[in-house]
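Subject: Structure handover and notes

Hi,

Here is the structure for you to look over. My notes follow below.

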Amino acid sequence: MRIVCIGGGPAGLYFALLMKARRPEHVITVVERNRPYDTFGWGVVFSDQVVDAITKADPKSAAIIADAFNHWDDIELRFKGKTIRTTGHGFIGIGRKHMLNILQQRCEELGVELVFEREVDSDLEFPDADLIIASDGIGSKIRERYKQEFEPDIIVRPNRYIWFGTKKLFDAFTFDFQRTEHGWFQAHIYKFDANTSTFIVETTEETFLKHGLDKLDQEDSIAFSEAVFKDVLQGAKLMTNARHLRGSAWLNFNRLICGRWSHFNGKSQVVLMGDAAHTAHFAIGSGTKLAFDDAIELTEQFERLGHGKEHLPEVLAAYEAERRVGVARVQNAARNAMEWFEVVGRRYADQLEPEQFMYSMLTRSQRISHENLRLRDGTWLDGFERWFAGAAGVPATASERPAPPVFTPYTCRSVTLRNRVVVSPMAMYSATDGVPGDFHVMHLAARAYGGAALVFAEMTCVAADARITPGCLGLWNDEQAKGFRRVIDQVHAGGAKFGIQLGHAGRKGATRRAWEGIDQPLESGGWPLVSASALPYLPNSEVPRAATRADMDRIRDEFVAATRRAAEMGADWLELHAAHGYLLSSFLSPLTNRRTDEYGGSHENRARYPLEVFKAVRAAWPADKPISVRLSCHDWYPGGNTPDDAAIFARMFKEAGADMIDCSSGQVVKEESPVYGRLFQTPFADLIRNEVGVPTIAVGAISDADQANSIIAAGRADLCAVARPHLADPAWTLHEAAKLGLKTVAWPKQYVSGKWQYETNLERAAAVAK
């Protein structure tokens, strides 16, 4: 085949040498706009895993690159006058120019034609090519030529950054955070050769403009940055090699995703590779990894499916299908890390102590968990756990193992929870006339005996016409309260606190039990529905009436009456359900609130009635007991509430007396498109906790104590609500403690022999696995 690689970066060069090494008969040309053996930029960084991949793909170039590596295991944080270091992270740095020179030399050795100082404006300049690799970077002219076919989606991120070099050498990947009168700056620093370190300075657009950096040239930007980071530089100078850029050389990162990666132009197959196809933020050092992985995967697909041009469509389709998964995984992790640095000034830097700030930074991508940190640097993590346990009021002696974060107690008002695990409210649809029965006693008590600290019953409806289904729990009469007392007594006997979540179904009411047809209206025996606006949930749902002022008064009073009953029957914690499209949620979301009176329109108006209900409930609830509010922090539908809107509402509830926000999302409209994933709702809890300044409950796709520990330890939430895992395992909390080797967590005395056997079996399984 005749192959032309447009762009002589890592992707184009590496693909060229891999293909030529496997099939010398291919005629391969790499066309680069810059001069031979010239490049811009400083060092690149990637992990040990990348080394394994390139060693397998081409041992010779990998060996030469390895000789030039600077390898280090340590990460160092300089923050608020403290320096904290941890090890075991496995990074590799190399000069970008040196790395490209090695790849260029390997290409020449194999017979790849290298053409320099040629600007390519179109793929049609190579009509004889069978395959054109568009590896010409984020500004790819080839991709832009076929914009409709490739469907590029570019988002310009808000932070500003600038790349420098320095002759000061650093023996760890160093992060330095400095506060100025206008905001925070951070430096990402790492050594990449025997004489030089990369020094990236980053800040927000607001801070950038307030300091007037948009008006500075490169020399003035250097002087400014040297002053901000004088302590870590210790007199060393910063250098730039971006003279080709006009102005200050401060950049915004561009996140790129393409809808398609290949296109037939009538003569040649054109395929995107590297930064022309996708980008990932430098916060996790992933750009070079993605380029190498692209080159390796495309080469492997040719090996698997055939090197002839007749195989090109099949090869390119397989390449794209395979790489999309890996790229998405890296982009998601890079996005998490990127967003952490974008909000670090307003969300973490002022709020967190250095120890917790370090933990938050290390786990920013959500790919590194608590136990992964233990594998990397158990000594550091032990020290952190000791710090956290001490701050939680349970200090460990030198000979004791400190309690992991999720197993530390938490106090809110007069209520102290034995750990941070909450059994999330989960609809069971198993009540008769709203009365808790034997099932509820068994179901909820089992989770209390299973080690959870706070056990919620499902949403408990404040009136018969407030129910979702005929099987929902209710609290509008004394018989129901009597049934709850049986539940509460057994939950307390199991060592847990009992939470009651009060709600009103609104337009989602009068439906069948889930297993009979979720959200489908009752065929008979239904009741009139009320909502913020007269909008049905499903096309075949009953149309609710828009709540009148008389409706609002009646429903508010029903919430108050249920609150008083909850207090009298001994509930420890109350949660107001203002999420998931139920009545109060329907007022908050613009998707379901189309009112033109004082209860619709602005955030203040949409929150007016939910806040009225909350204040009435707070006044009726004992002052020494906590109240949380569940919010849908994202409607997952255009025009709906976003996390920023949720933060506005959370602040309102905080000011009205809410102790905690339970951060869920969605279920407001049936047409939603949630983006699911591990811990997918935790960022909402993080935002509200650290920007609004109110404690939060994280909920959603939390499956083990390792994840919960990561959430609590990083300060992303104060409690973790675990739902479906508790359905599969009533003793989830006790079992997770055992899996962590935490033997100090007590089991019910009746089950102690089972505790010993369970722990022993885990130890035996671990020994076999080694």
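Where is Asp217 found? Asp217 sits in the loop between helix 7 and helix 8 (218–228). Please keep in mind that this is a predicted model. Asp217 is partly exposed, at 39% relative accessibility. Its side chain reaches the backbone nitrogen of Asp220 at 2.8 Å. Asp217 and Trp250 are 33 residues apart in sequence, and their C-alpha atoms are 9.6 Å apart in space.

**Nonpolar cores**

The largest nonpolar core has 207 residues. Phe15 and Phe177 have the most contacts inside it. Helix 11 (residues 312–349) supplies the largest share of this core, 16 residues. There is also a second, separate core of 20 residues. Ile162, Phe170, Phe208 and Ala249 are among its members.

Back to Phe177. Neighbours within four places in sequence aside, its contacts include Leu77, Phe79, Trp184, Trp340, Phe341, Val344, Phe357 and Met361. Arg78, Phe185 and Gln186 are also among the contacts of Phe177.

Asp176 belongs to strand 11 (residues 173–180). It is buried, yet it has no salt bridge. Which side chain of opposite charge is nearest to Asp176? That is Arg78, 4.3 Å away. The side chain of Asp176 does make a polar contact with the side chain of Gln178, at 3.0 Å. Leaving aside neighbours within four places in sequence, Asp176 is in contact with Arg78, Phe185, Gln186, Ala187, Phe229 and Val232.

**Salt bridges**

How many salt bridges does the structure hold? It holds 55. Side chains of opposite charge can pair when their charged atoms come close.

- Arg106 and Asp58 meet at 2.9 Å, N to O. Arg106 is in helix 4 (residues 96–110). Asp58 is in the loop between helix 2 (48–57) and helix 3 (59–68). The two are 48 residues apart and link distant parts of the chain. Both are buried.
- Arg160 and Glu205 have their closest N and O atoms 2.7 Å apart. Arg160 lies in strand 10 (residues 152–166) and Glu205 in helix 7 (residues 205–210), so the pair ties together parts 45 residues apart in sequence. Arg160 is buried, with a relative accessible area of 18%. Glu205 counts as partly exposed, at 26%.
- Glu763 and Lys743 meet at 2.8 Å, N to O. Glu763 is in helix 26 (residues 752–769). Lys743 is in the loop between helix 25 (732–739) and helix 26. They are 20 residues apart. Glu763 is partly exposed at 42% relative accessibility, and Lys743 is partly exposed at 47%.

Salt bridges link Asp465, Arg545, Asp551, Arg554 and Glu558.

**Helix 18**

Does the span of helix 18 agree or disagree with its residue count? Helix 18 (residues 549–568) has 20 residues. At 1.5 Å a residue, it should span 28 Å. Its end C-alpha atoms are 29 Å apart, which agrees.

Residues three or four places apart in an α-helix point the same way, because there are 3.6 residues a turn. The buried residues of helix 18 are Asp551, Met552, Ile555, Glu558, Phe559, Val560, Ala562, Thr563 and Ala566. They pack against strand 23 (497–503), strand 24 (530–531), strand 25 (545–546) and strand 26 (573–578). They also pack against helix 19 (583–588) and helix 20 (603–620). Just after helix 18, Gly570 takes a positive phi of about 100°.

Most residues other than glycine have a negative phi. Gln234 has a positive phi, near 50°. It is in the loop between helix 9 (230–233) and strand 14 (238–239). Gln234 counts as exposed, at 63% relative accessibility.

Gln667 also has a positive phi, of about 65°. Its place is the loop between strand 28 (660–664) and helix 22 (682–692). Gln667 is partly exposed, with a relative accessible area of 35%.

Best wishes

Terms used
Residues are numbered from 1 along each chain as its sequence is written. This is a predicted model: local features need pLDDT of at least 70, side-chain atom pairs count only at pLDDT 80 or more; totals for chains, interfaces and linings use all residues. Side-chain values use heavy atoms; hydrogens and water are left out. Helices (H or I, at least four residues) and strands (E, at least two) are DSSP runs, numbered from the N terminus. The expected span of a helix is 1.5 Å times one less than its number of residues. Buried means under 20% relative accessible area, exposed over 50%, partly exposed in between (1.4 Å probe, protein chains only). Contact means heavy atoms within 4.5 Å. A nonpolar core is a set of buried Ala, Val, Leu, Ile, Met, Phe, Trp, Tyr and Cys residues joined through side-chain atoms within 4.5 Å. A salt bridge is a side-chain nitrogen of Lys or Arg within 4 Å of a carboxyl oxygen of Asp or Glu. Lys and Arg count as positive and Asp and Glu as negative; His and the chain ends are not counted. A polar contact is a pair of N or O atoms within 3.5 Å; within protein, one must be able to donate a hydrogen and the other to accept it, and residues adjacent in sequence count only if both atoms are side-chain atoms.
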